[in-house]
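Biologist: I am new to this structure. Please show me the model, and then I will ask about it.

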Amino acid sequence: MTCCENKLGSVLNEDIGKLILRFSIAGLMLFHGFSKLFNGIDGVKFLVTSAGLPEVVAYGVYFGEIIFPILIILGLFTRISSLFFALTMVFAIFLAHSSDIFALGKMGGPIIELPLIYLLGAISLMFIGAGKYSFDARCKKCEIKA
């Protein structure tokens, strides 16, 4: 490593990176969730029933786009919340973009770029966890002391 890399490494650390990832992925998803909370989920119900699934499945969007993102931001049950968040994105890609999976948009990127970023971010959090700045870390400290 270079001298600059060592100096940067002493200021920047992986726990701050995990915090930024949690806030960016989950925080941005909350906009989608709150939009559905205030404007309804008729579009999601249509997609779900068109796929042959029961309409009640559509209400899972509230968990996937509001509850799990809030838990991820707090760093509470981060790995399991990230798993269900990722599953929400798999459903979103399947229901809303199944015909676009390999299609490219006008700017050259995949049409499913946004849900794919959410999916991959959630999968990353499943593997790396919440980091030091989270309720998960605080709970872990409590278990060690007990």
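What follows is a set of questions and answers on helices, cores, salt bridges and rings.

Biologist: What kind of model is this, and which pLDDT do local features need?

Modeller: Residues are numbered from 1 along each chain as its sequence is written, and side-chain values use heavy atoms, with hydrogens and water left out. This is a predicted model in which totals for chains, interfaces and linings use all residues, side-chain atom pairs count only at pLDDT 80 or more, and local features need pLDDT of at least 70.

Biologist: Which residues touch the most other members of the largest nonpolar core?

Modeller: A nonpolar core is a set of buried Ala, Val, Leu, Ile, Met, Phe, Trp, Tyr and Cys residues joined through side-chain atoms within 4.5 Å. Buried means under 20% relative accessible area, exposed over 50%, and partly exposed in between, with a 1.4 Å probe and protein chains only. The largest core has 16 residues, and those touching the most other members are M29, I72, F85, M89, Y118 and L119.

Biologist: Which helices each supply at least two residues of this core?

Modeller: Helices are DSSP runs of H or I with at least four residues, numbered from the N terminus. The helices that each supply at least two residues of the core are α2 (14-39), α4 (60-74), α5 (78-97) and α6 (113-128).

Biologist: What is M29 in contact with, leaving aside its neighbours within four places in sequence?

Modeller: Contact means heavy atoms within 4.5 Å. M29 is one of the core residues that touch the most other members. With the neighbours within four places left aside, M29 is in contact with G64, E65, P69, F85, M89 and Y118.

Biologist: Where does the kink in α4 lie?

Modeller: The bend at a residue is the angle between axes fitted to the seven residues ending there and the seven starting there. In α4 the kink is about 30 degrees and comes shortly before the proline P69, at F68.

Biologist: What do the buried residues of α4 pack against?

Modeller: The buried residues of α4 include V61, G64, I66, L71 and I73. The buried residues of α4 pack against α2, α3 (42-50), α5 and α6.

Biologist: How many salt bridges does the structure hold?

Modeller: A salt bridge is a side-chain nitrogen of Lys or Arg within 4 Å of a carboxyl oxygen of Asp or Glu. One of them joins K18 and E14 at 3.8 Å, N to O. Another joins E55 and K45, whose closest N and O atoms are 4.0 Å apart. The structure's count of salt bridges is three.

Biologist: Which residues pair in the salt bridge at 3.0 Å, and are they buried or exposed?

Modeller: This pair links distant parts of the chain, with E65 in helix α4 and K36 in helix α2, 29 residues apart. The side chains meet at 3.0 Å, N to O. The residues are E65 and K36, and both are buried.

Biologist: Is K18 buried or exposed?

Modeller: K18 and E14 both lie in helix α2, four residues apart, about one turn of the helix. E14 counts as exposed because its relative accessibility is 58%. At 13% relative accessibility, K18 counts as buried.

Biologist: Which residues is I128 in contact with, leaving aside its neighbours within four places in sequence?

Modeller: I128 lies in helix α6. Its relative accessibility is 36%, so I128 counts as partly exposed. The contacts of I128, with those neighbours left aside, are K18, L21 and R79.

Biologist: Which aromatic cluster contains F63 and F68?

Modeller: Rings of Phe, Tyr and Trp (its six-membered ring) pair if their centres lie within 6.5 Å; planes under 30 degrees apart count as stacked, over 60 as edge-to-face and the rest as tilted. F63 counts as partly exposed because its relative accessibility is 47%, whereas F68 counts as buried at 16%. The aromatic cluster is F63, F68 and F84.
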